[in-house]
Amino acid sequence: MNFRTLTQRMFLTMALALMATGVLAAPPLYRLHVDGLSCPFCAYGLEKKLGEVDGVQSLETNIKEGIVTVTMKDGTPLSETTAKQAIKAAGFSLRRLEPVQSAPAAQTK
């Protein structure tokens with residue numbers, strides 16, 4: 001095997017490893033159990049305040065269950081203190097913050 005072939009194989013191996021790492025990494029996901037959430041207007045106000053938190057990628061609110069699922073940007077954690085402050089600013093209280101083990105990004109739909 002010559003130097004050029006060896007270099008090409010090493011480059012390909014490294015590229016595949018980097019791609020696999022990116023595909024398998026999933027952003028941090030949290031389930032916030034919120035007291036007082038009762039209508040779409042409430043959900044809008046809460047989502048607005050949580051959306052202002054640095055690193056929030058997306059929010060999904062289940063009014064009936066009183067749960068807000070927060071997806072953070074890669075490598076950005078959500079502290080209970082930060083979540084509690086944002087929820088309090090919206091007029092609600094945080095009952096519990098639950099980190100969620102999310103499926104790898106390549107497997108989610």
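User: Which strands does helix H2 lie across?
Analyst: Helix H2 (residues 40-51) lies across S1, S2 and S3, and runs at about 160° to S2. Helices (H or I, at least four residues) and strands (E, at least two) are DSSP runs, numbered from the N terminus. The axes are lines fitted to C-alpha atoms, for helices over the stretch in contact, and angles run from 0 to 180 degrees between N-to-C directions. Contact means heavy atoms within 4.5 Å.

User: Before we go on, where do these coordinates come from?
Analyst: This is a predicted model, where local features need pLDDT of at least 70, side-chain atom pairs count only at pLDDT 80 or more, and totals for chains, interfaces and linings use all residues. Residues are numbered from 1 along each chain as its sequence is written, and side-chain values use heavy atoms, with hydrogens and water left out.

User: Good to know. And what does helix H3 lie across?
Analyst: Helix H3 (residues 80-89) lies across S1 and S4, at about 140° to S4.

User: What order do the strands take in the sheet?
Analyst: The order is S2-S3-S1-S4, in an open sheet of four strands with antiparallel pairing. Strand S2 (56-62) and S4 are the edge strands, each pairing on one side only. On average, neighbouring strands of this sheet are turned by 20° against each other, direction ignored. Two strands count as paired if DSSP finds at least two bridges between them.

User: How many bridges does S1 make with S3?
Analyst: Five, in the antiparallel sense, with S3 covering residues 67-72. Leu32 has Val68 as its bridge partner in S3, and Arg31 has Thr69.

User: What about S1 and S4, how many bridges there?
Analyst: Seven bridges, again antiparallel, and S4 spans residues 93-100. Tyr30 has Pro99 as its bridge partner in S4.

User: Why is S1 described as largely enclosed?
Analyst: Strand S1 (residues 29-35) has five of its seven residues buried, so the rest of the structure largely encloses it. Buried means under 20% relative accessible area (1.4 Å probe, protein chains only).

User: Switching topic: how much of the protein is buried?
Analyst: Buried residues make up 24% of the 109 residues. The accessible surface comes to about 7600 Å², and 57% of that belongs to carbon and sulfur atoms. Those areas come from the Shrake-Rupley method with a 1.4 Å probe.

User: Last one: what pattern does the protein follow along the sequence?
Analyst: Read that way, the pattern is α-β-α-β-β-α-β, from three helices and four strands.

Notes: Buried means under 20% relative accessible area, exposed over 50%, partly exposed in between (1.4 Å probe, protein chains only).
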